[in-house]
Amino acid sequence: MRKLGAAVGATLLILTTAPAQAHPRSRAPQARVWVTTPDRAEQLHERAPVTFTRGASPETTITVDPGTRYQSMDGFGASLTDSAASVLHRLDPAARDRAMRSLFDPREGIGVGFLRQPIGSSDFTAAGAHYSYDDVPAGETDFALRHFSIDHDRAQILPLLRRARQLNPQLKIMGTPWSPPAWMKTSDSLIGGHLKDDPRIYDAYARYLVRYVLQYAEAGVPIDYLTVQNEPQNRHDGGYPGAAVPVGQAAKVIEALGPLLRRHSPRTRILGYDHNWATHPGDVATTPPGEDPETDYPYRLLDSPAGRWLAGTAYHCYSGEPSAQTALHEAYPEKGIWFTECSGSHGEQDTPEQIFRGTLTWHARTLAIGTTRNWAKSVVNWNIALDSTGGPHLGGCGTCTGLLTLHPDGSVSRDAEYFTIGHLAKFVRPGAYRIASTSFGTTGWNGQIMDVAFRNPDGSTALVVHNENDDPRTFAVAVGDRSFEYTLPGGALATFTWPRGLDTDLDLVDLEGATATAAPAGGDPAAAIDGDGSTRWSSGAAQEPGQYLQVDLGAARRLRRVAIDSGGNTGDYARGWALSVSSDGVAWRTLARGEGAGQLTNVDLPPTRARFLRVTSTGTSGSWWSVADLRVYR
């Protein structure tokens, strides 16, 4: 914990340098390094830079390929809820501004670049009663929206949002309602119920949302994204606003909303779903008799006529796995994916040390890396600030944590979420693209090194690495013909950045549709060509000459390099190898031979065309032979 005064001013000096700026020129390129450890010994601490050298490393190697691009990135952040705003307003103006700078300023702070804002009340409100922007006495309606007002937000929320935009002009803002106004619902309450199945209600709700967008813009806070309901399958009465909105109702609202936004606020795009990776068992159990639980909700919504109005889909973390995002991307590759909510939480008896360690390590592998490696264009936590009681809140979560915590003595601490978001937001600029990088860890924890890489608009690279293991792990990072080695403490999260110029003229060949066979069959040979370094084919037996892994590329391809990557299981590399090619799978010619020296073997070839590749073991070892990732370059 630190007083947000002189102490924080001094502390923030570690964050003041621009991430894309290089250290003074040296003959060899260098990477800058920032590290956060689970014991808080380092908190976004910049270490000495590390120098790239020519050649390979015997260590498990993260291979970064800037030439292979995936999704573009929008930003990283949290929600400046009514509760968060009230907490920040407990600080005196100078301390409040230091807190805001620590959050939003890209140089002095972490550069939060994405906020998801409740439209009306959520469980995290400091108000004495829940509210919408159009509340009328019970039994009355307001189809003309004469009572619509965002005045509740003018005192604290909007001034903070305007300040955030001053500190980070590239900030993107998303609006999400926890409930439509009570008069639009079957429950006649902000809590529980459905939208009334009435065309007038769908139209009124769409106009309500557009009115919010327009009045926020008039107040100096443009809205970039909009969803029509937070967690539309959550029927649990937690004492806070919510609504069950089945696909059919969501589609009707979106079909009314889309044309209105196109006319009045074309910058604002609609996202669908805004709920978990998988339908929570509790949501299935509370589905009313005769209703479909719609466990494929995002697919149905994208398939509906409303799908044409959707920029993509928003996801939360409270059920399922991030891989659900990749499944949806593969089904609808033209639609984007945004990750929009996950709250840190804790057991009531957990110590601060346990909370920090557990949150840092879970969020690092599951959110910072897991969601982005599965196509997320944003990573957004829940509350950006709370007090030491986990509030204020009105119903809902009593053990949630934020990026910042205000303590009774007036001090403010930075929580694990501050650092997991910071390792992304400070270094990955809006418009950056995720680029290819080999990764060996899993969201389910396997004790390996896990990572994700990005290419910024200025050509610099940011690589975020997490050591899932409790013990220190040494690994290498390779770009083109250069690499460096590094050791991270157990559980640590790190960001490496380097300027433009470290590229390669090799292009990765897409192995989709390729097939693999092996002798001995051992593990699944397909795991060697699935582009996932956390899966592998293994011989299942000690190495001996004649064992092989064979790949049918499906068609003749031009080849210039074959990378044989044994992954994170140190020692599983082939002690001797031969690489052969064939056009028909019958007649083979050997192009290269060698002795294994480490986990990654790059075999450079003269320009060659072939359909079949075979890597054959020519050595002997008591270790198994594994191939986690076989990559082909042209």
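Biologist: Which residues lie nearest the centre of the largest cavity?

Modeller: Rolling a probe the size of a water molecule over the atoms shows where empty space is left. A cavity is a set of points, on a 1 Å grid over the protein atoms alone, where a 1.4 Å probe fits but cannot get out, and lining residues have an atom within 4 Å of a point. In this predicted model, 13 residues line the largest cavity, and Thr63, Val64, Gly480, Arg561 and Tyr633 lie nearest its centre. Local features need pLDDT of at least 70 and side-chain atom pairs 80 or more, whereas totals for chains, interfaces and linings use all residues. Residues are numbered from 1 along each chain, and side-chain values use heavy atoms, without hydrogens or water.

Biologist: Which elements give two or more residues to the lining of the largest cavity?

Modeller: Strands are DSSP runs of E, at least two residues long, numbered from the N terminus. Here the contributors are β4 (61–72), β21 (473–479), β29 (600–617) and β31 (629–633). With three residues, β4 gives the most.

Biologist: What is the lining of the largest cavity by class?

Modeller: Ala, Val, Leu, Ile, Met, Phe, Trp, Tyr, Cys and Pro count as nonpolar, Asp, Glu, Lys and Arg as charged, and the others, Gly among them, as polar. This lining has six nonpolar, four polar and three charged residues.

Biologist: How many cavities of 30 Å³ or more does the structure hold?

Modeller: There are seven, and the largest contains about 120 Å³ of space. Volume is the space filled by probe spheres set on grid points, which are joined across faces, edges and corners.

Note on methods:
On a 1 Å grid over the protein atoms alone, a cavity is a set of points where a 1.4 Å probe fits but cannot get out, and a pocket is an open set with protein on both sides within 12 Å along at least five of seven lines; lining residues have an atom within 4 Å of a point. Helices (H or I, at least four residues) and strands (E, at least two) are DSSP runs, numbered from the N terminus.
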